[in-house]
Amino acid sequence: MSIRITGTGLFHPTEVISNQELVASLNAYVERYNQAHAEQIAAGELAELHGSSAEFIEKASGIKSRYVVEKSGILDIDRMYPRLAERSNDELSLQAEWGVIAAKQAMQQAGVTADEIDVVILACSNMQRAYPAVSIEIQSALGIKGYAYDMNVACSSATFGLKQAHDAIQAGARRVLMVNVEITSAHLNFKSRDCHFIFGDVATATIIEESSDKAGFELVDLSLQTQFSNNIRNNFGFLNRCEDAFGDALLFNQDGRKVFKEVCPLVAQMINQQLEKNQLLADQVKRFWLHQANANMNELILKYVAGKQAEAERAPIILDEFANTSSAGVIIAMHKTAHEVCVGEYAILSSFGAGYSVGTVLLKKVG
Ligand SMILES: CC(C)(COP(=O)(O)OP(=O)(O)OC[C@H]1O[C@@H](n2cnc3c(N)ncnc32)[C@H](O)[C@@H]1OP(=O)(O)O)[C@@H](O)C(=O)NCCC(=O)NCCS
């Protein structure tokens, strides 16, 4: 049985924020805050806030810009989060709208119609509501029968979603549509210099099906691992109200340095184990589509796996343009550079993120 990715799709909003624009906004906020609280800061009652710099952001992460759902609300220092109009229950929700656009592209590339799909999975870090599942709304908007569900394994949602798709097909489903819609700017604290630059908004979609002759990427081996860590957390949830907990402390936060140190070796080890299990050498892998959180991290993982001499192009970077798009990053990297892999060659798709959660998927180009 050959289970393959036969189509991918990518949607991003048109509004872009450069590092310079983001830094100008944060620094204006910081200056106003420090002035307004000068006496308490001088008395040691409040901590002074520190500004950000575009040079730091690019050097520390490789990020230069990000697409966002709504720019003016984020840059407005009286607000600092996107401004969105509430939609009625009769309208398609925002997350479903983006998912449908990406899904149509993936379906077109795969040459697949709605009636040929049996399962829809929305796999991402944040669902816009608890229920009904957004994936069911996407399923309905596309006219797909069968079943749909939402799943969240943070930045590893796409690789974990591919495993669910693979298993569903082994169990009898004809085709699976996986959608990753990340509206990350809505859960980001734009007042914190530690993380204000990290994320961007995007939607990706992937068609997975069983075929012996269709062009695409065969899922040769899928390996998943989780290991609990508090180093990346988002405490936003339905119990906040009962705990009388509100405010920015509930949003995404991380100890980026610890994540960097702990996750890079873990990912490299899993990729090396996967290569060994499949009797492959790193040199036989044309592209490593790694999670797009930090360019320096990806450079280090590539060195751990393929040696110091490995050419940078073997681990393509898209986060300079998109920033960290959580689960969608690996799919964007694959979508943009799949043509660089020839029939018969291997690629590895590997995600890592909160949990910790790591997924590695060995792919072989088939035609
Ligand atoms: C977040 C990340 C880019 C930060 O880079 P870093 O090199 O670790 O930077 P640090 O947070 O250690 O900060 C280094 C210094 O720069 C300062 N700094 C932090 N943010 C800054 C900013 N926006 N502008 C200027 N200086 C800043 C810090 O205060 C610190 O100063 P100090 O040395 O005087 O204490 C990096 O740690 C990272 O990407 N980690 C991996 C995160 C990840 O993969 N997460 C999964 C996400 S889902």
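Modeller: The shell around the ligand consists of 17 residues, and the closest of them are Ser52, Arg193, Gln254, Arg257 and Asn294. Please keep in mind that this is a predicted model. Sorted by class, the shell contains 8 nonpolar, 6 polar and 3 charged residues.

Helix H3, which spans residues 54-61, and helix H8, which spans residues 256-277, each contribute at least two residues to the shell around the ligand. The largest share comes from H8, with 3 residues.

On the ligand, an oxygen atom is found 2.7 Å from an N or O atom in the side chain of Asn294. The backbone takes part as well: a polar backbone atom of Gly256 is 3.0 Å from a nitrogen atom of the ligand, and a polar backbone atom of Ser53 is 3.2 Å from a nitrogen atom of the ligand. Each of these pairs counts as a polar contact because the cut-off for two N or O atoms is 3.5 Å.

The axes of helix H5 (residues 94-110) and helix H6 (residues 134-142) come within 9 Å and cross at roughly 55°. H5 and H6 are therefore described as oblique to each other, and the crossing in which H5 passes H6 is right-handed.

Notes:
Residues are numbered from 1 along each chain as its sequence is written. This is a predicted model: local features need pLDDT of at least 70, side-chain atom pairs count only at pLDDT 80 or more; totals for chains, interfaces and linings use all residues. Side-chain values use heavy atoms; hydrogens and water are left out. A residue is near a molecule or strand if one of its heavy atoms lies within 4 Å of it. A polar contact is a pair of N or O atoms within 3.5 Å; within protein, one must be able to donate a hydrogen and the other to accept it, and residues adjacent in sequence count only if both atoms are side-chain atoms. Helices (H or I, at least four residues) and strands (E, at least two) are DSSP runs, numbered from the N terminus. Ala, Val, Leu, Ile, Met, Phe, Trp, Tyr, Cys and Pro count as nonpolar, Asp, Glu, Lys and Arg as charged, and the others, Gly among them, as polar. Axes are lines fitted to C-alpha atoms, for helices over the stretch in contact, and angles run from 0 to 180 degrees between N-to-C directions. Angles under 35 degrees count as roughly parallel, over 145 as roughly antiparallel, 65 to 115 as roughly perpendicular and the rest as oblique. A crossing is left-handed if the near helix is turned anticlockwise from the far one by less than a right angle, and right-handed if clockwise.
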